[in-house]
Every structure is written in C-alpha cells, then in structure tokens.
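The sequence and structure come first.

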Amino acid sequence: MSCTFLDGKTKAIFCESIGNPLGNVVDFGPLAELAHSHGIPLIVDNTVPTPYLCRPFEHGTDIIVHSLTKYLGGHGNSIGGVIVDSGKFPWIEHQEKFSFLNKPDKSYHGVTYTETFGEAAYIARARVVPLRNTGAALSPFNAFLILQGIETLAVRMDRICENTLAVANQLKNNANVNWVQYAGLDDSSSKPLVDKYMGGRASGILSFGIKGGREAGAKFIDALQLVTRLVNIGDAKCLACHPATTTHRQLSPEELAKAGVSEDMVRLSIGLEHIDDILADVNQALAAAT
Ligand SMILES: Cc1ncc(COP(=O)(O)O)c(C=O)c1O
C-alpha cells in the first residue's frame, strides 16, 4: 500500500475501526504495515466495536483509544476515555522523529522515557505529561460507574448486535427509506472487513436515508416515543439523531456532502430494549414523518 499523504513530518496514522457516524470499517491491518514502513505507529479508535468484538493489537496496531462514554461505560452516565499502548512500537529506533520520548525531558526531572521506561515509554509519558498538564483524570464515581458498565459489556454487545441487525433488515424493506447503511448487513461493502476483524458482528450504529429529506428527518426524530433524541452512542437505550438539523445544521448542503452527511440521513444507536418495541417505534415514526 502506498500513500501520498505521508511525509517526513507525519508522526502517526490514526483511524477508527468502525467510523462514526458512517459505520464504515477501515482495513487497518494493511494500514499498520504502511505506518511501520514509514517508521510511525498506527493508532486505532476502537470505540464502536469495543474490545469484545475487535482486537486491533492482533492486526499490528500500536496504540488503541476508546471513548469510555460509549459502549464500555454503556449507560450514557459518565464521560471518560482510555489510551491502551501495546508497548510494541520501537520509538528508540526513530530518535529524531520521536525526540520527546528519546531526549531528556526538562519538565520531568530530565528523564528520557525510552531509557527509563523501555516498552512503557509512550504510556508513561502520556501519564506524567499530558494527563498532568490537562488534569483529565476520571472522578472516582465515574470510574466506578464505568467499571460496573464494563462488567456487562459482553451481554450488552450480544444483544445490541442482534437488535441492530434486525432493525437494519427491517428498514431495508420499509418503503419510506431510501437506503440503509450497516456494516453487519450481508450486502454491505464493509461486511468482508467485519468478518475479518470483528467475527461478523458490527456493533450498534446504523444510518439510513429517510424519504422526504431534511424535513422528514426532523419530523422523524420528533415523532419517536421510545427511542431518545440524543447525539451520544453506545447507551443501553436506543438513541436517534438527524445530523442535518442538529449536530451539522450550520453546514451548507455542499459542506454536508463533503462531511459525508446527506440531508436525509438519520443515525440510530441501537440499545437493549425488546426488538418488537424498537421496531414498533421506528415504524410509527417513519409513518408519521413521511
Ligand atoms: C468513535 C468515537 N471516538 C471518540 C469519541 C469521543 O468521545 P468522548 O465524548 O467520550 O470524548 C466519539 C464521540 O462521539 C466517538 O464516536
């Protein structure tokens, strides 16, 4: 794989394993090889599939980040994030490019992270410099809520994947829907990558195009009764948002297109409710909006 975007100043490649809001899957194994051939690490945001469905370290990724606010916490009640370092990237072999890890750091007792911490150089610096400088430490109560959420991750993800596939299949057959994008559908262009990296299951984000465009999209989210109108993802509850009239409403139609957000696009984050209740609510809101 070659790439014209990388030059001598590039420090890392960053991607999402499943993209939010598009729900596309990135073929990050070859991206890791590309990054390494340029002497830089691959960082993967694995928030949407979670470690239960996808383990990017097994495909050459060097560093993984997660928003804990989403599926890991799982209840939309706390904000947090984690950086997980594989410890495998050879920072010491790229002294000039990563001088912050290879030269003495005056702000921390003159330590040279690669010498003092070895494989833990990157994550040790992440703790003692950016974390200290920004103060972005979890409160004890949020840490407790997130740890409790993680205890049920596996059962929540099983149910969420099952529910999301059922909603996607139902939407495909709804006359008020222009298109459905869910990487877990057999006819999705991302499905081969879902099979390769995620054991065939694609988590809980799906998007669809509603007939009637911007106006119908706004009416749809107003008409929902069970599904909550909220721009978070990964909650125990189903959430819906219409980006063109909410998160992206300041953009012109051209800017929306550039951001990959069409005026008819509705994003759903499917939760744990009974599938019959979810389908009934989505169907009645579609009927009311179109
Ligand atoms: C894939 C992904 N990563 C990271 C974030 C940022 O999460 P937080 O709000 O916890 O900072 C989001 C938020 O939408 C996301 O969807």
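## Domains

The chain is assigned domain 1 (13-146) and domain 2 (153-289), with bounds that come from an automatic or database domain assignment. Their centres, taken over C-alpha atoms, lie 28 Å apart. To the contact (heavy atoms within 4.5 Å), domain 1 contributes 28 residues and domain 2 contributes 32 residues.

The model is predicted: local features need pLDDT of at least 70 and side-chain atom pairs count only at pLDDT 80 or more, while totals for chains, interfaces and linings use all residues. Residues are numbered from 1 along each chain as its sequence is written, and side-chain values use heavy atoms, with hydrogens and water left out.

## Overall dimensions

The chain holds 13 helices and 9 strands; these are DSSP runs numbered from the N terminus, helices being H or I of at least four residues and strands E of at least two. Along the principal axes, the C-alpha atoms fill a box of roughly 65 × 45 × 35 Å.

## Buried area

About 2,500 Å² is buried between domain 1 and domain 2, and carbon and sulfur atoms give 62% of this area. Buried area is the accessible area (1.4 Å probe) that two parts lose on being put together, summed over both. Y52, L53 and Y71 supply 30% of the area that domain 1 buries against domain 2, more than any other three residues.

## Polar contacts and salt bridges

Between the two domains, 12 residue pairs are in polar contact, both residues at pLDDT 80 or more. A polar contact is a pair of N or O atoms within 3.5 Å; within protein, one must be able to donate a hydrogen and the other to accept it, and residues adjacent in sequence count only if both atoms are side-chain atoms. On the side of domain 1 that touches domain 2, the elements giving two or more residues are α1 (28-37), α2 (50-53) and α3 (68-72). Of these, α3 gives the most, with 4 residues.

The salt-bridge rule (a side-chain nitrogen of Lys or Arg within 4 Å of a carboxyl oxygen of Asp or Glu) finds 1 salt bridge across the domain interface. The side chains of K196 and D27 form a salt bridge at 3.0 Å, N to O.
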